[in-house]
Amino acid sequence: MKDRRWWKTAVVYQIYPRSFQDSNGDGIGDLQGIVSRLDYLKELGIDAIWLSPVCRSPQDDNGYDISDYQDIDPMFGTLKDMDELIAEAKKRGIRIILDLVLNHSSDEHRWFQEAKKSRDNPYHDYYVWRDGEEGTPPNDMRAAFGGSAWQWVPEVGQYYFHQFSVKQPDLNWENPKVRREIYDMILWWMARGVGGFRLDVIDQIAKEPDKKITGNGPRLHEFIRELSRETFQKGDLLTVGEAWGADTERAKLYSNPDGSEFSMVFQFEHMVLDQEEGKEKWDLAPLPFVKLKKTLAKWQNQLEGCGWNSLFWENHDLPRIVSRWGDDGEYRELSAKMLAVVLHGMQGTPFVYQGEELGMTNVRFPDITWYQDIESINLYRERTAAGYTSEEVMESIYAKGRDNARTPMQWDASENAGFTEAKPWIPVNPNYREINAASQIKDPSSVFSFYQNLISLRKTWPVFVDGDFSLLFPEDPQIFAYTRDDGDTRLLVCANFTGEKAAFHLPAGWEGAGRLIRNYEDAPEEGVLRPYEAFILAIPSHAGELEQNQ
């Protein structure tokens, strides 16, 4: 009996609420804006929406600093709006996945406000404290956002630990009362009808700062198994952990088919390949294409039957994939479709980031003053001070800055792309008149329609979920090709990952296969794949359903 949990056949759509749709004219997207666009998402065919954080927050780190886990930030609406979103999405067969931050809270959370009053306060031990003297932190650990990972609190004569912003004190998972509070909160959201959770930096919760351990601490999987047992296993949920430190062996624990931890994890091995070895993401390097193929193949093969993959090219922290590894100029539509074929043909749960289904591109604002993301602004200040030219730094930001993913959703060709009637919180990408949803929804040759077809294929053909994976032509410098086989149906996925023609002949046995999808409308050329050409062929037991590959 095949494992048919709903999230294995699902396609998830990630929304960055601030940039999706403004309903009240303040220039910021909100929950009612999402409600108003649910029919668009139903038409696309997705099964679940992952919402970037919407809980109450001072917004020091874009909502990843939560001050109340059981309320909605007024920027986005109210709990009533969230209940309406859950209910309206459910009517359309769509589930809502919440982004939960369990490694740390905001320093404005009531727990921390109590914790810093005295060492005897019942909430003091909800956080990670160490004795010390002002000006002499417990050790030299650095925070991810710069500076020491320790912050002095004179009221208690101690330092608290923060892996990220100083306004994000780490929760003490060693304290069972903290864990119980978290479980009760999750059960409360489950009772409200959410369909799952994305767990932010979850591999950091078992930190041991005295030993300078942050990720993959000794008790990590013990904590996660308890979390799952007390909460997730009481419902039919999709759960995905963000785990930058995951390798395939750890991923087998996280995504064990017995359901003891999560449904899957986000791992990023394939997304850090186009940077200089041992340096930061801003230190740009050409994509080592052969390495990309082998990395993705490794995750496909090693999790087969004993884990589950998440599949993604984009999210709120990553640049637009068509600008990154495709061609956002002459071949924008073809390369956007090619990248979709490569990803959606693999085993795992695909995640589509808002606008990816339109082929939205990176943005090149005139100068740094147009940018909103603190990471890019800090980078500009630090690197220009270190002697980099403004042009050099801006090229890095144009390529990898997070604001590339955060410009408003491009709905139509009206002012501000139909996102808002006010001044948007961040400027719209100027290309919205050419790239927008209204121009694509009814166009059968559009990027949107192509995504629609791919999503439909995954629901029609079990081989996309169950088939094993075999990489073909592993050393080829242009072609990404692989097969999927579930014993009943065989698929051949072929893509030219470049803007140049590539020599190509169908492997033996595929000459009469039927074509499931292709990104060129005219017949293929003999002996070559054209720039960014991609297709999927099938040899099924019900081949009569297919257009024959002439």
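This report describes selected local features of a predicted model.

## Basis of the model

Residues are numbered from 1 along each chain as its sequence is written, and side-chain values use heavy atoms, with hydrogens and water left out. In this predicted model, local features need pLDDT of at least 70 and side-chain atom pairs count only at pLDDT 80 or more, whereas totals for chains, interfaces and linings use all residues.

## Annotated domain

An unreviewed UniProt entry lists residues 14-406 as "domain: Glycosyl hydrolase family 13 catalytic"; positions follow the numbering used here, feature names are shortened, and annotations may be inferred rather than shown by experiment. The span is 31% helix and 13% strand, and its end C-alpha atoms lie 12 Å apart. Helices (H or I, at least four residues) and strands (E, at least two) are DSSP runs numbered from the N terminus.

Strands in the order E6-E8-E7 form an open sheet with antiparallel pairing, where two strands pair if DSSP finds at least two bridges between them. Strand E6 (129-131) and strand E7 (150-153) are the edges; each has a single partner strand, so one side of each lacks a neighbour in the sheet. Three bridges join E6 and E8 in the antiparallel sense, and Arg130 has Tyr159 in E8 as its bridge partner.

His162 lies in the loop between strand E8 (158-161) and helix H6 (176-191). With a relative accessible area of 3%, His162 is buried (buried is under 20% relative accessible area, exposed over 50%, partly exposed in between; 1.4 Å probe, protein chains only). A polar atom of the His162 side chain lies 3.3 Å from the backbone oxygen of Ser165. Beyond neighbours within four places in sequence, the contacts of His162 (heavy atoms within 4.5 Å) include Trp150, Gln151 and Asp170.

## Helix H4

Helix H4 (residues 79-91) has 13 residues and reaches 19 Å from its first C-alpha to its last, close to the 18 Å expected, that is, 1.5 Å times one less than its number of residues. Its buried residues include Leu79, Met82, Leu85 and Ile86. The buried residues of H4 pack against several elements, among them helix H2 (31-36), strand E4 (68-72) and H6. Just after H4, Gly93 takes a positive phi of about 75 degrees.

Most residues other than glycine have a negative phi. Asn62, in the loop between strand E3 (55-56) and E4, has a positive phi of about 50 degrees and is partly exposed at 22% relative accessibility. Tyr532, in the loop between strand E19 (528-529) and strand E20 (534-539), has a positive phi near 60 degrees and is buried, with a relative accessible area of 7%.

Key:
Polar contact = N/O pair within 3.5 Å; in protein donor to acceptor, adjacent residues only side chain to side chain.
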